[in-house]
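Subject: Structure handover

Hello,

Here is the structure we spoke about. Please open it and keep it in view while you read the notes below.

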Amino acid sequence: SLMQFKEGKVMIYTGGSWAALSAAVTTSNGRTVNPNGEVTKGKITRKMEEGMMIDKDGQMMDKDGKLMDNTGWE
């Protein structure tokens, strides 16, 4: 499942359509994605930016779908 931060909230793509994330999701690499766009791992919390995406494995992509450098996110 892919999540994207859009208009101040996290949207999740499941079953062929987008819906607002209703509860926090933990990715396979241990990041927790909150409905308000905050991503937490360990003691670090950062806020997603408009258009930013994260997949179920915790891999982050920018609004253009390019893989991001995750430095500073964990």
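Which residue in β9 is the bridge partner of methionine 53? It is methionine 61. More on that pair of strands below.

First, some ground rules. This is a predicted model, in which local features need pLDDT of at least 70 and side-chain atom pairs count only at pLDDT 80 or more, while totals for chains, interfaces and linings use all residues. Residues are numbered from 1 along each chain as its sequence is written, and side-chain values use heavy atoms, with hydrogens and water left out.

**Overall picture**

The protein chain has nine strands and zero helices. Both are DSSP runs, numbered from the N terminus: helices are H or I with at least four residues, strands are E with at least two. In sequence order the pattern is β-β-β-β-β-β-β-β-β. The radius of gyration is 11 Å, close to the 11 Å that the globule rule gives for 74 residues, so the protein chain is as compact as a globular protein of that length. That radius is taken over C-alpha atoms, and the rule is 2.2 Å times the number of residues to the power 0.38. Along the principal axes, the C-alpha atoms fill a box of roughly 30 × 25 × 20 Å.

Of the 74 residues, 30% are buried. Buried means under 20% relative accessible area, exposed means over 50%, and partly exposed lies in between (1.4 Å probe, protein chains only). The accessible surface comes to about 4,300 Å², and carbon and sulfur atoms account for 51% of that. Areas come from the Shrake-Rupley method with a 1.4 Å probe; for residues, only the protein chains shown count as cover.

Now contacts, meaning heavy atoms within 4.5 Å. Among those between residues at least 6 apart in sequence, 37% join residues at least 24 apart.

Charges come next. There are 10 positive and 10 negative side chains, and the centres of the two sets lie 3 Å apart. Lys and Arg count as positive, Asp and Glu as negative; His and the chain ends are not counted. Each charge is placed at NZ of Lys, CZ of Arg, CG of Asp or CD of Glu.

**The five-stranded sheet**

This open sheet has the order β3-β2-β1-β8-β9, with antiparallel pairing. β3 (17–20) and β9 (60–61) stand at the edges, each with a single partner strand, so one side of each has no neighbour in the sheet. Two strands pair if DSSP finds at least two bridges between them.

Take β1 (residues 2–6) and β2 (residues 9–14): five bridges join them, antiparallel. Glutamine 4 has methionine 11 as its bridge partner in β2. β1 is also joined to β8, by three antiparallel bridges. There, methionine 3 stands opposite isoleucine 54 in β8. β8 (residues 53–55) in turn meets β9 through two bridges, again antiparallel.

The hairpin of β1 and β2 has two residues between the strands. Glutamate 7 lies in that loop. Its phi is near 50°, a positive value in a residue other than glycine. Most residues other than glycine have a negative phi. Glutamate 7 counts as exposed, at 63% relative accessibility.

β4 and β5 (residues 32–33) are joined by two antiparallel bridges. Threonine 32 in β5 is the bridge partner of threonine 26. Threonine 32 also has a bridge partner in β6, threonine 40. β5 and β6 (residues 38–41) pair over two bridges, antiparallel. Their hairpin has four residues between the strands, and glycine 37 takes a positive phi near 95°.

Four bridges join β6 to β7, running antiparallel. Lysine 41 stands opposite isoleucine 44 in β7. This hairpin has two residues between its strands, and glycine 42 in the turn has a positive phi of about 60°.

Threonine 71 is in the segment after β9. At 61% relative accessibility, threonine 71 counts as exposed. Threonine 71 and methionine 48 are 23 residues apart in sequence, and 14 Å apart in space, C-alpha to C-alpha.

Best wishes
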